[in-house]
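Subject: Structure handover

Hello,

Here is the structure I said I would pass on. My notes on it follow below.

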Amino acid sequence: VTGASFVVFNGALKTSSGFLAKSSIVEDGLMVQITRETMESLRLALRDKKDFKITCGQMDAGDVKEYVDICWVETEEKTNKG
């Protein structure tokens, strides 16, 4: 689990790169590079307020994968306000 101040979703990852998606820590945030198709699915999930899971790593890496989970929650945390 990684806490981040911000998340950037970059929809320019090419399917020919050999990656499902790539995640990396940038300063105090997270950058997730995804394909255009995954970006469209993510946009729909955000509009519909549905949870979404992005599988990161190489396409042929087997069982070793990273995941970026976008989850909607009922309660709103009061930390880091202001």
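L20 is in strand β2, which covers residues 19–26; helices (H or I, at least four residues) and strands (E, at least two) are DSSP runs, numbered from the N terminus. Please note that this is a predicted model, in which local features need pLDDT of at least 70 and side-chain atom pairs count only at pLDDT 80 or more, while totals for chains, interfaces and linings use all residues. Residues are numbered from 1 along each chain as its sequence is written, and side-chain values use heavy atoms, with hydrogens and water left out.

L20 counts as partly exposed because its relative accessible area is 32%; buried means under 20%, exposed over 50%, and partly exposed in between (1.4 Å probe, protein chains only). Leaving aside neighbours within four places in sequence, L20 is in contact (heavy atoms within 4.5 Å) with L13, T35, T55, G57, Q58, M59 and K65. The C-alpha atoms of L20 and Q33 are 9.1 Å apart, and the two residues are 13 apart in sequence.

T35, one of the contacts of L20, lies in the loop between β3 and α1. T35 is buried, because its relative accessibility is 7%. Its side chain makes a polar contact of 2.9 Å with that of T38. A polar contact is a pair of N or O atoms within 3.5 Å; within protein, one must be able to donate a hydrogen and the other to accept it, and residues adjacent in sequence count only if both atoms are side-chain atoms.

The largest nonpolar core has twelve residues: A21, L30, V32, I34, M39, L42, A45, F52, I54, C56, V68 and I70. The elements giving two or more residues to this core are β3 (29–33), α1 (36–47), β4 (52–58) and β5 (66–70). Such a core is a set of buried Ala, Val, Leu, Ile, Met, Phe, Trp, Tyr and Cys residues joined through side-chain atoms within 4.5 Å. Not counting residues up to four places away in sequence, C56 touches A21, K22, S23, K65, E66 and V68.

The structure holds one salt bridge, that is, a side-chain nitrogen of Lys or Arg within 4 Å of a carboxyl oxygen of Asp or Glu. The side chains of E40 and R43 form this bridge, at 2.9 Å from N to O. Both residues lie in helix α1, three residues apart, about one turn of the helix. E40 counts as partly exposed because its relative accessibility is 41%, and R43 is also partly exposed, at 39%.

Regards
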